[in-house]
Amino acid sequence: MKFDFDTTPDRRGTDSQKWQRYRGRDILPLWVADMDFVSPPAVIEALHRRVDHGVFGYARPTKSTIEAVTAAFETRYGWAIDPAWIVWLPGLVCGLNVTALACSSAGDEILCLTPVYPPFTSAPGNQGRVPVPVPLRLETEAVPATTGRWLIDWDALEHAVTPRTRVFFLCHPHNPIARVWQTEELVRIAEFCARHGLVLCSDEIHCDLILDPGNRHVTMAKVSPDRLITLMAPSKTYNMPGLGTSFAIIADPALRARFIRAAAGIVPEVNALGYAACEAAYRDSEPWRQELLTYLRGNRDFLLDVLAREIPELRVEAPIDATYLAWLNVTAMRLSKPVSHFESHGVGLSDGVPFVDSPGRHVRLNFGCSRATLAEALRRMKTAVSAAR
Ligand SMILES: Cc1ncc(COP(=O)(O)O)c(C=O)c1O
């Protein structure tokens with residue numbers, strides 16, 4: 001390996017949200033979705049160059065930044081993006097909120113599939129809209145529970161539609177269940193949205209983190225570009241969410257105009273450092289991304305192996321196709337607050353409840369860390385599980 005993912009800087013005492021939560025306590029933070037790895041060398045060099053320039057006025061992307069983005073999507077996903085379709089944003093959560101504002105009115109309903117990243121349900125609420133969670137179905141019949149499959153409950157989805165439904169928020173790949181939606185499913189989602197006159201908002205922030213070479217991301221825009229808002233960012237892949245650089249891609253001019261109008265005066269510009277980092281990430285960091293995927297695949301396999309052999313009480317119910325997030329079923333522990341229990345044994349996880357899950361059912365583990373940190377966290381989790389027996 002050319003890049004060293006085993007060695008991670010000490011983030012204690014820094015501005016890291018992930019590590020600050022447990023300041024002064026011996027708790028390994030495996031919660032919020034950023035990784036402990038240093039960003040690609042090309043990104044760091046680009047930031048150095050930009051800082052050395054020394055002037056930090058209001059920024060707009062240069063031609064080369066836009067070309068880096070469009071070239072990456074053309075190469076990876078066969079998607080030819082017209083630069084005019086791109087609306088830069090300081091974050092994707094911001095994009096979900098702007099979509100809610102732009103595409104619905106107060107009291108209107110926004111669908112999503114749950115469990116899901118909490119802003120999918122909080123964004124509609126923030127904007128006076130009503131989130132309508134439709135539970136995914138875990139198919140486990142005729143297969144061992146560890147190789148189940150999360151599926152869309154199409155009947156439940158149909159039943160969830162009312163005259164007030166306006167938008168469908170899709171998470172693709174889906175956080176926290178780490179599922180990559182397949183073309184047949186995407187076609188059916190697009191057809192469902194068209195039939196009910198819904199705007200489809202596809203959050204594809206994790207699309208560059210497909211773990212297995214045999215699997216691939218099909219961008220929703222290739223399936224159905226109409227009435228579609230795609231949300232993207234280099235932030236998860238290149239570990240730069242603190243630089244606040246994301247974008248919406250909206251081919252439909254009328255929809256794009258509505259989106260821009262809803263954001264006007266509220267959503268700030270992306271910062272100069274973010275543009276520099278974004279360009280270097282998409283254009284110059286592909287070898288790093290490929291090695292990252294190998295490392296994350298190794299972490300995932302290590303995690304699954306340790307759980308299966310040593311901590312069978314913690315079950316990953318379906319394959320982890322993408323992301324560096326594992327959704328662990330902890331019901332066997334019979335605890336109402338599993339996260340507090342793991343914290344008391346030195347591991348900080350995300351509770352399932354904000355993802356629209358029942359208390360005590362799931363926790364989410366972030367394996368975007370060194371193998372050594374993951375191994376130590378699992379050792380502590382094994383002790384935690386034994387203590388709960
Ligand atoms: C699906 C999804 N969307 C958006 C975000 C966050 O986006 P941002 O930090 O750009 O607001 C995350 C972070 O974990 C995520 O998993």
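Tutor: Helices (H or I, at least four residues) and strands (E, at least two) are DSSP runs, numbered from the N terminus. What you see is a predicted model, in which local features need pLDDT of at least 70 and side-chain atom pairs count only at pLDDT 80 or more, while totals for chains, interfaces and linings use all residues. Residues are numbered from 1 along each chain as its sequence is written, and side-chain values use heavy atoms, with hydrogens and water left out.

Let us begin with Thr121, which belongs to helix H5, the run of residues 119-126. Thr121 has a relative accessibility of 15% and therefore counts as buried (buried is under 20% relative accessible area, exposed is over 50%, and partly exposed is in between, with a 1.4 Å probe and protein chains only). If its neighbours within four places in sequence are set aside, Thr121 is in contact (heavy atoms within 4.5 Å) with Cys112, Pro131, Pro354 and Val356.

Val356, one of those partners, deserves a look of its own. Val356 sits in the loop between strand E14 (350-351) and strand E15 (362-366), and with a relative accessible area of 34% it is partly exposed. The phi of Val356 is near 70°, a positive value in a residue other than glycine. Thr323 also has a positive phi, near 75°, and lies in the loop between strand E11 (315-316) and strand E12 (325-329); at a relative accessible area of 1%, Thr323 is buried. Most residues other than glycine have a negative phi, and most peptide bonds are trans.

One joins His172 and Pro173, with omega about 0°, and Pro173 is in the loop between strand E7 (165-171) and helix H7 (183-195). Another joins Asn175 and Pro176, with omega about 20°, and Pro176 is likewise in the loop between E7 and H7.

Asn175 leads on to the ligand, since it is among the residues around the ligand, which also include Cys171, Asp203, His206 and Lys236 (such a residue has a heavy atom within 4 Å of the molecule). This shell divides into six nonpolar, four polar and two charged residues, where Ala, Val, Leu, Ile, Met, Phe, Trp, Tyr, Cys and Pro count as nonpolar, Asp, Glu, Lys and Arg as charged, and the others, Gly among them, as polar. In the side chain of Asn175, an N or O atom is 2.7 Å from an oxygen atom of the ligand, while a polar side-chain atom of Asp203 lies 2.6 Å from a ligand nitrogen atom, and one of His206 lies 2.8 Å from a ligand oxygen atom. Taken alone, the ligand exposes 400 Å², and the protein buries 88% of that (areas come from the Shrake-Rupley method with a 1.4 Å probe; for residues, only the protein chains shown count as cover).

Finally, step back to the whole protein chain, which has 13 helices and 15 strands. Its radius of gyration is 21 Å, close to the 21 Å that the globule rule gives for 389 residues, so it is as compact as a globular protein of that length (the radius is taken over C-alpha atoms, and the rule is 2.2 Å times the number of residues to the power 0.38). Buried residues make up 56% of the 389 residues.

Key: A polar contact is a pair of N or O atoms within 3.5 Å; within protein, one must be able to donate a hydrogen and the other to accept it, and residues adjacent in sequence count only if both atoms are side-chain atoms.
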